[in-house]
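Hi everyone, thanks for coming. I'd like to walk you through one structure today, so let me put it on the screen.

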Amino acid sequence: MKLAKRLSRLGTETAFEVLVKAKALEAQGRDVVHLEIGEPDFPTPSGVVSAANAAIEQGYTHYCASAGLTELREAIAREVSATRNISVDADWVVVTPGAKPIMFYLILALVEEGDEVIYPNPGFPIYESMINFAGGEPVPLPLLEKFDFRFDVNQLRERVTNRTKLIIVNSPQNPTGGLLTEDDLAAIAEIAVKRDIVVLSDEIYGKIIYDGRHHSIASLPGMIERTVILDGFSKTYAMTGWRLGYGVMMPLLQAHISRLVTNSVSCTAPFTQRAGLEALANAQKEVSEMVAEFRRRRDFIWKALNEIPGIRCVCPPGAFYVFPNIKSFGMTSSAFADYLLNSAGVAVLSGTSFGEHGEGYIRISYANSMENLAKAVERIGQAVRSLRR
Ligand code: PLP
């Protein structure tokens with residue numbers, strides 16, 4: 001079989017590969033603490049589950065419009081307008097199976113051979129994968145520990161050329177938990193407006209913030225018409241397996257992205273969309289409770305990691321990840337992550353799973369119980385003490 005060349009340019013998400021390695025160890029009888037996968041460990045709110053069951057009973061079990069159910073798109077438009085201080089309606093919204101397809105579709109829709117895309121590095125690996133797949137030139141923008149994993153505006157300016165088609169922003173951020181300030185976003189907006197560049201604003205962790213506030217670049221002057229907001233239900237409502245997300249963009253672009261939905265998956269399961277409607281309307285109390293619990297865990301793990309000699313860890317203001325610096329051990333991030341898995345039974349991800357600027361760091365997802373986090377920190381402490389002996 002002769003595969004298309006473009007397949008050699010497609011990357012992946014190593015979280016799933018580490019999960020397989022960890023499961024193999026468990027099959028041999030080893031106990032593994034899973035801190036590799038980025039998904040809330042809470043159950044989906046029960047009202048949301050009931051709404052999905054009711055929707056199945058009511059017959060929401062057939063094809064629907066590619067862009068999504070009108071009532072959900074209207075609810076999303078109201079929610080996004082209120083939380084970002086903008087004014088959009090249902091014509092701006094495309095509902096997709098998870099938020100990830102919005103990256104896929106948008107990059108396919110915009111990026112041509114040789115177009116440059118600036119994206120955060122370390123960052124969600126699918127950005128780089130999709131830029132390469134579409135034939136674009138990935139231009140990594142380093143996120144710097146010394147700036148609490150924000151970028152240096154001068155480095156951003158140096159990377160903009162007349163081939164820059166798209167800038168990807170993710171705040172709060174995976175894998176660092178970093179949060180961009182209004183000034184950071186204003187710097188990007190100024191460039192985007194002046195140079196006619198589109199911005200993909202990945203706001204999937206927008207409700208999971210402990211310190212500071214979420215700012216959307218879409219609310220800055222001149223940005224609403226050139227921003228695509230990516231958001232969804234996976235992280236906020238503990239609905240990763242339901243596959244429900246959305247993009248918010250100018251109606252002209254929305255029509256093209258909807259056509260990509262028609263060409264690929266036809267539509268998102270309508271009973272899942274009805275569950276999303278319930279989540280937006282009635283699950284905000286559960287969201288606050290989950291965020292409060294994440295905050296408790298963040299406070300615990302960040303402090304506990306900093307107490308381990310040789311590890312240095314920035315306190316992350318958002319998402320549910322910490323990104324500790326492990327450079328003092330003189331190992332690559334990937335070797336260090338393998339060492340933790342094999343010798344301590346703690347599954348984490350190498351910082352380089354998120355790009356070259358992740359070297360020297362590991363990503364820990366603290367979407368796990370306090371008990372398991374305490375066990376993991378204890379094991380990591382022991383494992384690195386034997387390294388330093
Ligand atoms: N964007 C970021 C930054 C993420 O970390 C993730 C999931 O890990 C997604 C988007 C995708 O979310 P979904 O599961 O809704 O496709």
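Let's start with a pair of residues: Val-322 stands opposite Ile-364, and Ile-364 belongs to β12. Please keep in mind throughout that this is a predicted model.

β9 and β12, the latter made of residues 362–365, pair in the antiparallel sense over 2 bridges.

Where is the ligand? The space taken by the ligand is the largest pocket. There are 14 residues around the ligand, and the ones that come nearest are Asn-174, Asp-202, Tyr-205, Ser-234 and Lys-235. If you sort that shell by class, you get 6 nonpolar, 4 polar and 4 charged residues.

Let me point out some individual contacts. Asp-202 has a polar side-chain atom 2.6 Å from a nitrogen atom of the ligand. Over at Ser-234, an N or O atom in the side chain is 2.7 Å from an oxygen atom of the ligand. Then there is Arg-243, with a polar side-chain atom lying 2.8 Å from a ligand oxygen atom. And how much of the ligand does the protein cover? On its own the ligand has 400 Å² of accessible area, and the protein covers 94% of that.

The peptide bond from Asn-174 to Pro-175 is cis, with omega near 20°. Pro-175 lies in the loop that runs between β5 (164–170) and α7 (182–195).

There is another bond to look at: from Asn-121 to Pro-122 the peptide bond is also cis, here with omega near 5°. You'll find Pro-122 in the loop between β3 (116–121) and α5 (125–133).

My last stop is Asn-85, in the loop between α3 (70–84) and β2 (93–96). Its phi is near 55°, a positive value in a residue other than glycine. Why mention these backbone angles? Because most residues other than glycine have a negative phi, and most peptide bonds are trans.

Notes. Residues are numbered from 1 along each chain as its sequence is written. This is a predicted model: local features need pLDDT of at least 70, side-chain atom pairs count only at pLDDT 80 or more; totals for chains, interfaces and linings use all residues. Side-chain values use heavy atoms; hydrogens and water are left out. A residue is near a molecule or strand if one of its heavy atoms lies within 4 Å of it. A polar contact is a pair of N or O atoms within 3.5 Å; within protein, one must be able to donate a hydrogen and the other to accept it, and residues adjacent in sequence count only if both atoms are side-chain atoms. Accessible areas come from the Shrake-Rupley method with a 1.4 Å probe; for residues, only the protein chains shown count as cover. On a 1 Å grid over the protein atoms alone, a cavity is a set of points where a 1.4 Å probe fits but cannot get out, and a pocket is an open set with protein on both sides within 12 Å along at least five of seven lines; lining residues have an atom within 4 Å of a point. A molecule sits in a cavity or pocket if more than half of its atoms lie within 2 Å of its grid points. Ala, Val, Leu, Ile, Met, Phe, Trp, Tyr, Cys and Pro count as nonpolar, Asp, Glu, Lys and Arg as charged, and the others, Gly among them, as polar. Two strands pair if DSSP finds at least two bridges between them. Helices (H or I, at least four residues) and strands (E, at least two) are DSSP runs, numbered from the N terminus.
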